[in-house]
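Subject: Structure handed over, with notes

Dear colleague,

Please find below the structure that I promised to pass on to you. I would be grateful if you could read the notes with the structure open beside them.

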Amino acid sequence: MEIDIRIFENHDYDRCEELVNEAWHFDKIINDKNLSTTALRFYTKGGLCAGNINLVAVNHGKVAGFLFGLNTLAKSKPRGKIRFAFDALISFNFKKMDKIERDVFTKALTDHNKNRTAIEPGTESEICLFVVSQDLRGKNIGTKLWEKFRDSCITSGVKRIRVEANKLGASNFYEKLGFTLVNNFNSPLHEIAIPGGQACMYEYICDKT
Ligand SMILES: CC(C)(COP(=O)(O)OP(=O)(O)OC[C@H]1O[C@@H](n2cnc3c(N)ncnc32)[C@H](O)[C@@H]1OP(=O)(O)O)[C@@H](O)C(=O)NCCC(=O)NCCS
């Protein structure tokens, strides 16, 4: 299969959002339409703004997957975080949506971030958001995206790369790539997306000497 890995360009955004919805079904797990489109947008944009090595895998001209990653030692820095935070604040507070469902969602997000920060202060290089199209999974596209990101980190001198995962999601995939478990944490946000799945933090050591 012909796969080209290249840097994310703005015109790729809508397809990436589509892939995120395909993976976590925002349109099904959140009833209120405005809330689900807003949550999907900010989840995808959040990953994009957190990353500075944002890669897409292209198959026959169509984005088949993407990896938004943070390499803390790369020259380019993540962009648009302040604008992102401002837009999120306005959208969640002023868009017409079911207030009860919105409050449940934003509390889940706040508690998730608090519990995650307790085990991961957020200073390491990391995979921020990573999805391959459902119909093209298991064909090595994820591995190719990962290798490109990992190599950029190694070239920059990064020692470790972290990723947040779910035991019922991609944990086994990361273990196959050589990641090891750092810690589990409680996440009401994961519970909404993957009921019964344990949220966890994994780590890849670049310099194994
Ligand atoms: C995780 C994901 C990006 C992997 O992409 P992919 O292109 O399917 O991965 P690859 O084809 O390179 O898989 C490499 C190996 O891992 C295995 N693998 C892939 N995803 C797996 C998963 N979720 N659980 C267990 N094993 C998995 C593959 O079977 C393959 O095994 P093999 O080498 O024995 O054949 C993709 O499954 C996905 O988008 N999942 C939904 C979103 C998600 O969970 N993203 C990660 C967020 S932390």
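Predicted model: local features only at pLDDT ≥ 70, side-chain atom pairs only at ≥ 80, totals over all residues.

The protein chain holds eight helices and seven strands, and its C-alpha atoms fill a box of roughly 50 × 40 × 30 Å along the principal axes. For 209 residues a compact globule would have a radius of gyration near 17 Å, and because the protein chain has 17 Å, the value agrees with that expectation.

The largest nonpolar core contains 36 residues, of which Leu-55, Phe-66, Leu-67, Ile-127, Leu-145 and Phe-149 touch the most other members. At least two residues of this core come from each of H1, helix H3 (33-50), strand S2 (53-59), strand S3 (62-70), S4, H6, S5 and strand S7 (199-205). Leaving aside residues up to four places away in sequence, Phe-66 touches Phe-8, Cys-16, Leu-19, Leu-55, Val-56, Ala-57 and Val-131. Another core, of nine residues, lies apart from the largest one and includes Phe-26, Leu-35, Phe-105 and Leu-109.

As for the ligand, 18 residues surround it, and the closest are Arg-137, Gly-142, Thr-143, Asn-172 and Phe-173. The shell is made up of nine nonpolar, six polar and three charged residues, with at least two residues supplied by each of strand S4 (125-132), helix H6 (141-156), strand S5 (160-166) and helix H7 (171-177).

Two backbone details deserve a look. Most residues other than glycine have a negative phi. His-25, however, has a positive phi near 50°, and this residue lies in the loop between H1 and helix H2 (26-29). Since His-25 has 13 C-beta neighbours inside 10 Å, it counts as partly exposed. Asn-140, which is not a glycine either, has a positive phi of about 80° and lies in the loop between S4 and H6; with 14 C-beta neighbours inside 10 Å, Asn-140 therefore counts as partly exposed. Helix H1 (residues 13-24), which His-25 follows, has 12 residues that should span 16 Å at 1.5 Å a residue, and its end C-alpha atoms are 17 Å apart, which agrees.

With best regards

Methods:
Residues numbered from 1 in each chain as written. Near = placed C-beta within 6 Å. Helix = DSSP H or I, 4+ residues; strand = E, 2+ residues; numbered from the N terminus. Nonpolar A, V, L, I, M, F, W, Y, C, P; charged D, E, K, R; others polar. Expected span 1.5 Å × (residues − 1). Rg over C-alpha atoms; globule rule 2.2 N^0.38 Å. Core = buried A, V, L, I, M, F, W, Y, C linked by C-beta atoms within 7 Å. Buried ≥ 20, exposed ≤ 12 C-beta atoms within 10 Å, placed from the backbone. Contact = placed C-beta atoms within 7 Å.
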